[in-house]
Amino acid sequence: MHPKKLAHLLETTALVPKILVDQVLVKLQPDETLGDRLVADGHVREADLLHTIAEGLGVRFVTASRLRDVQVPSEVLACIPLELCERHDTLPLAWNREEETLAVVMADPGDKDLLQREAGMKALERLVVHVALPGPIRGAIARLYRHERPVEATVASGPEETCSLCGTPHEHD
């Protein structure tokens, strides 16, 4: 999610104080994202941030720990080329042939229509979008597409995996 969009959402929901978001935005490196940095610095828990984003966008979320363990069949990975996955911080998760539905996880679900156009997906294909932070998506892409071994976790996730906003563990199903 674009830093300004996320900053606005955080300001609207008061999950993270605006002054803190502004301070983090100023220090943000070109290869960093606001969400990943807020979580890594301990300003907000991953599950709380993802819950807020998902609720604001009307989608579900997937945590870093789930993405570290996710297994995706090669025929599902073939639905979206590696270059598009990297460009849009997107990972296909599952394909339902009967319903022509592709489940994906994206850092910015606002890119959904652009992704469908660029991937040449048929209008009949329905995209079911989940949201996650970019760092964990990038790690899963490297592991699943490039067969790279996971490096150090890109998102700090403490022992608590339950969203403190709604009390649900890991993700919203």
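## Ground rules

This is a predicted model, in which local features need pLDDT of at least 70 and side-chain atom pairs count only at pLDDT 80 or more, while totals for chains, interfaces and linings use all residues. Residues are numbered from 1 along each chain as its sequence is written, and side-chain values use heavy atoms, with hydrogens and water left out.

## The overall fold

Let's start with the parts list: the protein has nine helices and four strands. Both come from DSSP runs numbered from the N terminus, with helices being H or I over at least four residues and strands being E over at least two. Going along the sequence, the order is α-α-α-α-β-α-α-α-β-β-α-β-α.

Of the 173 residues, 46% are buried. Here, buried means under 20% relative accessible area, exposed means over 50%, and partly exposed is in between, using a 1.4 Å probe and protein chains only.

## Salt bridges

Side chains of opposite charge can pair when their charged atoms come close. A search of the whole structure turns up seven salt bridges, each being a side-chain nitrogen of Lys or Arg within 4 Å of a carboxyl oxygen of Asp or Glu.

One of them links aspartate 22 to lysine 18, with the closest N and O atoms 2.9 Å apart. Both residues sit in helix α2 (residues 18-27), and because they are four residues apart there, about one helical turn separates them. Aspartate 22 is partly exposed at 33% relative accessible area, and lysine 18 is partly exposed too, at 44%.

Which residues does arginine 37 pair with? It bridges to glutamate 32, where the closest N and O atoms are 2.5 Å apart, and also to aspartate 41, at 2.6 Å. Arginine 37 is partly exposed, with a relative accessible area of 25%. Glutamate 32 is partly exposed at 22%, and aspartate 41 is partly exposed at 39%. Through these shared partners, Glu32, Arg37 and Asp41 join into one network.

## Methionine 106

Methionine 106 lies in strand β3 (residues 101-106). Is methionine 106 buried or exposed? With 0% relative accessibility, methionine 106 is buried.

Leaving aside residues up to four places away in sequence, methionine 106 touches a list of residues including Asp89, Thr90, Leu115, Val129, Val131 and Ile137. Methionine 106 and valine 62 are 44 residues apart in sequence, and their C-alpha atoms are 9.5 Å apart in space.

## Serine 65

Serine 65 belongs to helix α5 (residues 64-69) and counts as buried, at 15% relative accessibility. Its side chain makes a polar contact with the side chain of threonine 63, at 3.2 Å. A polar contact is a pair of N or O atoms within 3.5 Å; within protein, one must be able to donate a hydrogen and the other to accept it, and residues adjacent in sequence count only if both atoms are side-chain atoms.

Methods
Contact means heavy atoms within 4.5 Å.
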